[in-house]
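Thanks for making time this morning.

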Protein chains: 2
Amino acid sequence: MPFSFQLDAQDPATGARAGRFVTRHGEVLTPAFLPVGTAGSVKSLAPDDLSAAGCDILLCNTYHLMLRPGASTVRHMGGLHRFMGWDGAILTDSGGFQVMSLTELNRVHEEGVEFRSHLDGSRHMLSPEEAIRVQDALEPDVAMSFDHLVRLPAPPEEVREAVSRTVRWARRGLDERSRLREQGRGSMALFGINQGGTDPAERARCFAELSGMPFDGFALGGLWVGEGRRLGLEMVERDCAEFPREKPRYLMGVGHPIDVIEAVARGVDMMDCVLPTRNARRGTVFIGSGRLVVRNAAYAQDERPLDPECDCATCRKYTRAYLRHLFVSGELLGMRLASVHAVHHMVSLVRRARAAVVAGRYAQFREDCLERFASGETLARGGAATHASRSPQRKEAACS
Amino acid sequence: MPFSFQLDAQDPATGARAGRFVTRHGEVLTPAFLPVGTAGSVKSLAPDDLSAAGCDILLCNTYHLMLRPGASTVRHMGGLHRFMGWDGAILTDSGGFQVMSLTELNRVHEEGVEFRSHLDGSRHMLSPEEAIRVQDALEPDVAMSFDHLVRLPAPPEEVREAVSRTVRWARRGLDERSRLREQGRGSMALFGINQGGTDPAERARCFAELSGMPFDGFALGGLWVGEGRRLGLEMVERDCAEFPREKPRYLMGVGHPIDVIEAVARGVDMMDCVLPTRNARRGTVFIGSGRLVVRNAAYAQDERPLDPECDCATCRKYTRAYLRHLFVSGELLGMRLASVHAVHHMVSLVRRARAAVVAGRYAQFREDCLERFASGETLARGGAATHASRSPQRKEAACS
């Protein structure tokens, strides 16, 4: 099945786009937010919760799954969808980011990256070819190219070398998929990843090479790693100006509501991030009017739902008072109910963004969302203050 | 609303009974198994999960809730049902057991028990009257009398004194409910608790007093605290022979499937226990054919559900391989999916027990269940062995 991305609308005043692509596991509407199911589970949530939240695609981590339970077990169990009981679409990352950030003693060779597992110290090698083969065994709908990421700040020659290697690895990954397809496998879409950190010239050089390769979509890599929101968004604007109109654009690792709104305004179609669900498990959730710290004593007898404007399964049924009690008491259900809201909130945000693009009023939507997010309405002072320090006016780099 | 228990059937060959009682929150079928929602949540489960598992009544702990979030908060939030979003029936215990088992520096006076909170060391006093008032604020369907429990083994005079005090406190609790009713509150049913440890004469003396009091039901207290299954069941048989036919009989703190089957055979109508759900969160579940240790490596690629004969939401959808992966990876979803099975398994067990009583074949049902539980079928050797050491033939006291 050839991968096809369809553009339904483009906002007249911003770069925002509304699109869709079809997978063997249903249609994915863009802009899309992908919750992260690291090890084959979006922590504390079941697939039914994700569906109920309107989610149609999620991300799973190749690195985690290849180490545990192992790609061969997932393949034996009929692929990731069957294994975890999720009927929607799945995108797997390539493992490149985790190999560089989670493991010790990782060594980059031209062949690939040699590393020791963060679980048991066992030695492994992930090459561009192996990353494709492992992903193929997981049977995602979309796989990612294996890239070379450098920690920023880094000397220019290191960034340059990583870009050149990312390009060479991209070709090798595509070749591996071709070989798999000759064997009747490798049916997943494959996205290339642009690198170059915050050096516009390097990002341009990287994409000049990648754009000639038959990828099904392109990702913006190496961003939101500490460079700050303004610089990150500059790179997003730069990349999106060059990325082809007819293919999906995926900004990796971004999930703060404000970043999502701003990235969509610059032409991004997909984003993933652990932030909303990780925050939720720790008792902080985004609501339309800001950031709510669930344990705040001010909510002890608050009859309102987390977000009075939300219709997620949690907000339809539970009060802030109950949620606070669950968190204060260390009850597992608190993490789950907050996570249900967190996923719903992000999916609902991109759905409303999509509707705004289709209606040709994304600029207004963005303005309304940012203003509302800064309002702190219905939030206790403590929560509002915490929120304010993270609002774009106050702190540019607030991506967590 | 007067509390009324209706007996639908009695098994001809055993003491097993099938009954029901109506509450403001629906009908409760007996024999009933009550999952434990200690602090207003059956750990990791939402009310919808309990309903889906067929549960119609659960237990909440007065001790935990009075300390956090506090009875006044629960009352302010509209009572426990509204607070936690559970529409079925709720039974609260009196706090007596926790006060004696969880707190430090607890001192028993005739007035009540003085104790320090296990959470923050704050000083509290729980008297028979206060236990009723706190429960009334929680608004359960069934409340329990405040009893004096002694740790066994204890000298006879200590047991005797505890029995006498339990009787005096029972009267005071009933009087307090009468006062509440004069104020238009106190609508919950109230069960008395028989004490006397494993001394038949003391249990008889206790019940001779309690039986004259207008309780809506009677509980068997002070059992399954280490005395062993055989002795415990002897006391159950003794108490049930004296308890009135027309009132429900509640065996507190019992939840091993074999104990449930044996207690029902002796005339018990209700039981509660954290065991099935606590075990589940730790990765061990009861299935029809024994005890399954989810992490067992033998299940790494096992496509079967936890229990091939179970139709719970977990067994309908997930494999042992996936559950094992979740537990091995420390994923929260594992605890939840295993707990869903655990509650369903116990509720299904008492439902099938009920049907057997109605059909007049409980003796056969008991025999079949025990034989099946000992079979270890579909269980890995490791699991089967662990099970065997807990089967009634091998270890009498196996109540955990």
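When I call a residue buried, I mean that its relative accessible area is under 20%. Please keep in mind throughout that this is a predicted model.

With that cut-off, C55(A) counts as buried, because its relative accessibility is 7%. Is C206(B) buried or exposed? C206(B) is buried as well, its relative accessible area being 0%.

Now to the sulfurs: how many disulfides does a search of the whole structure find? The search covers all chains and returns zero. For C55(A), the closest cysteine sulfur is that of C60(A), and since the two are 10 Å apart, where a disulfide requires sulfur atoms within 2.5 Å, they are too far from each other for a bond. C206(B) is likewise in no disulfide, and the nearest cysteine sulfur, which belongs to C240(B), is 15 Å away.

Let me turn to the sheet in chain B. It is an open sheet of three strands, in the order β1-β2-β3, and the pairing is antiparallel. The edges are formed by β1, residues 5-10, and β3, residues 26-30, each of which pairs on one side only. On average, and ignoring direction, neighbouring strands of this sheet are turned by 20° against each other.

Technical notes
Residues numbered from 1 in each chain as written. Chains lettered and ligands numbered in written order. Predicted model: local features only at pLDDT ≥ 70, side-chain atom pairs only at ≥ 80, totals over all residues. Heavy atoms only, no water. Pairing = 2+ DSSP bridges. Helix = DSSP H or I, 4+ residues; strand = E, 2+ residues; numbered from the N terminus. Axes fitted to C-alpha atoms, helices over the stretch in contact; angles between N-to-C directions. Buried < 20%, exposed > 50% of the residue type's maximum accessible area, 1.4 Å probe, protein only.
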